Amino acid sequence: MSKAFYLAIAIIAFTIPIVVMAPASIVTGLFGDAVQRNIPGLKIGATRGRIWQGSTQLQYQRFPAFTLSWKLAALPLLTGKVSTLIELNGGGLQLEMGALGSTSGGSLDNINGTIESRFINAISVGYGLELTGVFELSGINTSYDQRWLTSLKGVTNWSGGIVHIETPAQFYSVKLPALTGQLSMKDSNAVLDVAAGTSSLLTLALKPDGWSQTSVSYMLADMAGLPVPKEYQDTTGPAFLLEEKVF
C-alpha cells in the first residue's frame, strides 16, 4: 500500500482521540456569542463534559436556570448533520427529546416530560397570571427551516387547580378542571388549542413575526368569572382577544 494510505491512517488514529476527548467548553466558546446574539435574553453558564457527551447551564430571560445535557451521535456528522439526545433538567423542567440539525434546518422529535407551574410563573406573573399544577408534554414533534417552524404536533395535559388572574379592576382566584392542549401549525402560526373535554376554552397562537395572540372563549370567561363588555356579546367569536410581542 502507498505511503499516503498509511499517513492517512496515522492522522485519523491521532485525531480521533483528540476530538473524542475535547472538552465541551470548546463548543460554547466558539458558538456561544453567536447563539446569544440570535437569542436575546439567553445566558450560557458553566459547561462540563466532552463534545460527545456534556452539559451546560442555561437561563432564558426571567425563567429559572436549568441544565441542558446532550449525547452526540457520530455517524450523522459524516453527512453534515448533527444528531443528539437532549435532556433539560432544573428550575421546574424535566424534558427529553431527540434533535437533528443541519445548515438548512432540523427537528426536535418525541419531546416528553413535565413543566412545573413555577417555571411558567416566573414570566406569567408579570402579566397577571399565576398557575398551579404540572404540565405534561407527550410525543411532541416539530421541524424548522432557516426562517421558522415548518411543522408542529403533539399533546399537552395540565393537571388542573387554582389559577390566579389579576386585572386592573379585580383579582380573581379560579379553580379549573384538568385541561388538554393540542399543538399544530395553522397557516404559518404555531397554535395551542386548549380544551376541557370537548369544549374549546383557549387558543394561543405564535406568529413568525414574534407576535402572540390569545383567544379566550366565553365558556372560560364564565368559568373564571371575568366580566365581558356588553359590546362583545357576539358569542360566535372569542370573549377576549389579546396580543403581545414576545420576541
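1. Let's start with R147, which is exposed in this predicted model, its relative accessible area being 74%. Its salt-bridge partner is D145, and the closest N and O atoms of the two are 3.7 Å apart. D145 counts as partly exposed, at 25% relative accessibility. In general, side chains of opposite charge can pair when their charged atoms come close.

2. How many salt bridges does the count come to? The count comes to 4, and R147 with D145 is one of them. Another joins K186 to D193, with the closest N and O atoms 3.0 Å apart. K186 is partly exposed, and its relative accessible area is 41%.

3. E243 and K207 also meet through their side chains in a salt bridge, at 3.7 Å from N to O. Which parts of the chain does this pair tie together? E243 belongs to strand β16 (residues 240-245) and K207 to the loop between β14 and β15, so the link ties together parts that are 36 residues apart in sequence. E243 counts as partly exposed at 46% relative accessibility, and K207 counts as partly exposed at 22%.

4. Strand β13 (residues 189-196) pairs with strand β14 (residues 199-206) in the antiparallel sense, over 7 bridges. The two form a hairpin with 2 residues between them, and G197 in the turn has a positive phi of about 65°. Within this pairing, A190 stands opposite L206 of β14.

5. β14 is also joined to strand β15 (residues 211-216), by 5 bridges and again running antiparallel. Here the hairpin has 4 residues between its strands, and the turn includes G210, whose phi is positive at about 95°. L206 has a bridge partner in β15 too, namely S212.

6. Next, a look at an open sheet of 3 strands, in the order β7-β10-β11 with antiparallel pairing.

7. Setting aside neighbours within four places in sequence, L95 is in contact with I86, E87, L88, N112, G113, T114, I115 and L137.

Technical notes
Residues numbered from 1 in each chain as written. Predicted model: local features only at pLDDT ≥ 70, side-chain atom pairs only at ≥ 80, totals over all residues. Heavy atoms only, no water. Contact = heavy atoms within 4.5 Å. Pairing = 2+ DSSP bridges. Buried < 20%, exposed > 50% of the residue type's maximum accessible area, 1.4 Å probe, protein only.
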